[in-house]
Amino acid sequence: MRRLVTCTAAVVLLVAGCTDGQVERSDNADQAGYIAGDGAISIYDPADRQQAPEFGGELLDGSRFELADAAGDVVVLNVWGSWCPPCRKEAPDLQAVHESVASEGVRFVGVNVRDPSKRAAEAFEDEFGITYPSVYDPKSEALLAFRDTVPPQAIPSTLVIDRDGRIAARVLGPIGEASLRDIVTEVAAEGSAEGPAERT
């Protein structure tokens, strides 16, 4: 498998300097009740990937998302809150990558946590022009499905799930456009264990 230009490793990749210089810790992290991730990126070889747990929830628009329904697509799950400064910083990069890889069978889905009302989350999406859906999870109950992979207080966090429903990459902290695009296009190019990926 072709390795990422910016980050190379054999089995598991743990890199702190692979987020385009966007990683920072918030001085108010304790007061805000969340942990600003250090930008560590873990990329797993296909043979070492774990199956993603069952995950789903109500979207901000009132419809529902189930990870199982996205089988065959690469899914990028991004955990965010409108109150989170690093989330605001990475939002334009996430939207840019979403737009650039949508035709490759890649679905972006946000997981909005700890916003007391949908209004704050929707205002965030309007401000940054976010066009992909987000699960509204104010109490982080749906996110608990990933508790063995993503610390509940690590916000933002991003998971890349391959076409076979396995966790291919994890980012704890904000990530920049170039690094995220490299990871996602790499995973999207793998296809599925059941056959080559289809392109539209």
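**Aromatic rings: a tour**

Select Phe124 and Phe128: both are buried (under 20% relative accessible area with a 1.4 Å probe, protein chains only; exposed is over 50%, partly exposed in between). This is a predicted model, where local features need pLDDT of at least 70, side-chain atom pairs count only at pLDDT 80 or more, and totals for chains, interfaces and linings use all residues. Numbering runs from 1 along each chain as its sequence is written, and side-chain values use heavy atoms, with hydrogens and water left out.

Stay on helix H3 (residues 118-128), which holds both Phe124 and Phe128. They sit 4 residues apart, about one turn of the helix. Helices are DSSP runs of H or I, at least four residues; strands are E runs of at least two; both are numbered from the N terminus.

How many aromatic pairs does the structure hold? There are 5. Rings of Phe, Tyr and Trp (its six-membered ring) pair if their centres lie within 6.5 Å; planes under 30 degrees apart count as stacked, over 60 as edge-to-face, the rest as tilted.

Next, select Phe55 and Phe146. This pair is tilted, at 5.5 Å centre to centre and 55° between the planes. It links distant parts of the chain, 91 residues apart. Phe55 is in the loop between strands E1 (40-43) and E2 (56-58); Phe146 is in the loop between strands E6 (134-137) and E7 (157-161). Phe55 counts as buried because its relative accessibility is 4%. Phe146 is buried too, at 1%.

Return to Phe124 and Phe128: their rings form a tilted pair, 4.9 Å centre to centre, with 55° between the planes.

Ring pairs link Phe55, Phe65 and Phe146 into a cluster.

Last stop: Trp83. Arg114 lies over its face, 5.3 Å from the ring centre. A charge sits over a ring if NZ of Lys or CZ of Arg is within 6 Å of the ring centre and within 35 degrees of the ring normal.
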